[in-house]
Amino acid sequence: MDPVTSTAELPVPVNAARAVAKPVLGALENVGRFGMMLLELLRALPEWRAWLPRAVEQCQQVGYGSLFIVVATAGFAGAVASLQAGYQFTGNIPKYILGAVISESIILELGPVMTGLLLAGRIGARYAAELGTMRVTEQVDALESLGRNPASHLLLPRILAGLLMVPALVVCADATGIVVGWLVAKSSIHITNTDFVYGAQRFFRSFDLWYSVIKAEAFGAVVTMIPCYVGFEAKEGAEGVGRATTTAVVSACVVILLLDMLLAKILL
Amino acid sequence: MFGRHVVLDGVDFSVADGQTVALLGPSGSGKSVLLKHIIGLMRPDQGQVLVDGASVPDLSRKALAALRGRIGYAFQTGALFDSMSVYENIRLGITDEANYRDQEFCRERVSECLRLVNLGEDVARLMPAELSGGMRKRVGIARAIAGRPTYLLYDEPTSGLDPVNADAMDALIERLQSELHATSVVVSHDVRGSFRVADRIALLHNGRIRAVGTAEEFMAAKDSVVREFLERDVQLAAEA
């Protein structure tokens with residue numbers, strides 16, 4: 001047995017240090033490699049003939065393909081927000097406040113975050129699985145062997161699709177959530193149109209929409225870049241691809257929630 | 001090295017212009033790894049990889065892309081792009097950008113490549129998932145030759161094929177040699193096929209080239225590792 005790797009003979013403090021150092025070094029390595037991927041993406045920008053048609057195709061798949069589920073989820077989110085707000089506040093505050101609570105919670109939080117988490121599962125998993133499978137079946141090697149840049153052919157189209165389409169989807173989600181929330185509020189707590197609109201406008205700031213779009217843009221980057229990176233680095237066959245897919249989705253979701261908190265702290 | 005695992009350890013290997021060299025060795029001996037070093041998909045920890053006098057690991061991106069345009073690499077399983085049809089896969093092998101954008105040129109070149117690998121034109125509209133293993137390998141070769149490469153690298157072209165199709169693949173490689181005159185390296189563990197297609201044979205063993213020579217020199221070799229490798233193949237042929 002190689003004495004360097006045999007930990008049984010090492011003192012406990014050394015083993016403890018190794019146990020801490022290994023994941024830390026692994027994390028730092030991933031940060032470095034992720035940075036290299038970002039650099040490759042910037043270098044690939046001039047190769048617009050390669051990425052542009054592919055980006056259009058990805059936009060169709062991300063945007064049009066996700067529209068139904070995003071709108072459906074936002075609708076349910078708006079309905080639940082309306083019902084719970086009605087349960088909590090009816091009788092205690094003027095009804096027009098509910099218009100503000102429902103619309104602001106959708107625009108500031110539920111719209112972008114639920115859309116982001118949904119797309120982390122839908123397109124994040126897909127990208128990680130696609131790229132991971134391409135990696136372990138040597139398709140990425142084949143692309144490179146043909147003198148083609150994987151960054152411009154595979155990564156950039158997917159990431160651009162996320163950056164363009166996720167904000168658009170969030171805007172659709174916000175609109176749907178507010179409309180459905182309005183309709184549910186009318187039927188469950190019998191708020192009038194006038195009260196709802198007055199409340200929504202009373203506490204609305206134009207920056208709220210920018211905030212929603214900024215969050216959407218950040219989440220669009222997260223749900224594409226992280227899965228693309230993890231999938232691209234997949235190893236060890238089907239098990240490796242499965243692991244990469246799970247890691248991509250979980251990591252994207254965690255980062256979305258972290259960013260959600262950070263952006264709230266910084267921008268609000 | 002992969003982690004602490006040494007795969008290639010002091011390989012000294014050269015291929016002259018126009019030659020076909022078969023690189024033999026047991027599974028896991030590093031044959032495919034060596035091939036990937038030639039095209040720059042892997043970088044050596046030490047030593048040199050020279051193609052046309054240029055050190056491959058030291059090439060700029062542009063120069064490496066240009067070199068890859070002159071090398072056709074046929075992967076073991078074909079490595080076809082699942083989301084593209086056979087036509088689009090082969091078309092992607094046309095490495096000259098001007099030709100790649102010329103639709104008429106691409107149609108003609110793809111037809112020609114399919115003919116060269118003995119596949120009908122109707123295969124062009126199929127997706128990789130609809131192809132058999134042998135057809136996938138052929139389409140992989142068609143893609144590798146689409147750019148009229150100066151060099152051809154074959155990674156286990158007959159592995160996974162039945163004897164009839166393996167023979168047909170060897171015949172295809174011979175035919176491509178006579179039509180394209182490309183300098184070729186064929187990685188294989190198929191001794192008989194290698195003897196058929198190659199001008200010289202090299203045996204990779206324990207990370208090094210153990211022996212290099214013509215088929216006749218190989219058959220007459222006294223080296224124990226070479227004899228064991230040859231005798232194992234003869235034994236398998238007898239059992240078949």
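These legends accompany close-up views of a predicted model. Local features need pLDDT of at least 70 and side-chain atom pairs pLDDT 80 or more, while totals for chains, interfaces and linings use all residues. Residues are numbered from 1 along each chain as its sequence is written, with chains lettered from A and ligands numbered from 1 in the order written.

**View 1. Helices H3 and H7 of chain A pack at about 15°.** H3(A) spans residues 96–136 and H7(A) residues 206–232. Helices are DSSP runs of H or I with at least four residues, strands are runs of E with at least two, and both are numbered from the N terminus. The axes lie 7 Å apart. Axes are lines fitted to C-alpha atoms, for helices over the stretch in contact, and angles run from 0 to 180 degrees between N-to-C directions. The angle therefore makes H3(A) roughly parallel to H7(A) (angles under 35 degrees). Their crossing is right-handed (the near helix is turned clockwise from the far one by less than a right angle). The contact has 19 nonpolar, 7 polar and 5 charged residues. Here Ala, Val, Leu, Ile, Met, Phe, Trp, Tyr, Cys and Pro count as nonpolar, Asp, Glu, Lys and Arg as charged, and the others, Gly among them, as polar.

**View 2. Helices H5 and H7 of chain A pack at about 145°.** H5(A) covers residues 150–188, and its axis is 8 Å from that of H7(A). This crossing is right-handed. From H5(A), the contact includes A:Leu155, A:Ile159, A:Gly162 and A:Val166. Two residues are in contact if their C-beta atoms, placed from the backbone, lie within 7 Å. By class, the residues are 14 nonpolar, 4 polar and 3 charged.

**View 3. Chain A meets chain B.** In this interface, 9 residues of chain A contact 13 residues of chain B. The chain A side divides into 2 nonpolar, 4 polar and 3 charged residues.

**View 4. B:Asp52 has a positive phi of about 55°.** B:Asp52 is not a glycine. The residue sits in the loop between strands E2 (50–51) and E3 (54–55) of chain B. B:Asp52 is exposed, with 11 other C-beta atoms within 10 Å (exposed means 12 or fewer, buried 20 or more, partly exposed in between; C-beta atoms are placed from the backbone).

**View 5. B:Glu156 has a positive phi near 50°.** B:Glu156 lies in the loop between strand E5 (151–155) and helix H7 (163–180) of chain B. With 21 C-beta neighbours inside 10 Å, B:Glu156 counts as buried.

Technical notes:
Angles under 35 degrees count as roughly parallel, over 145 as roughly antiparallel, 65 to 115 as roughly perpendicular and the rest as oblique.
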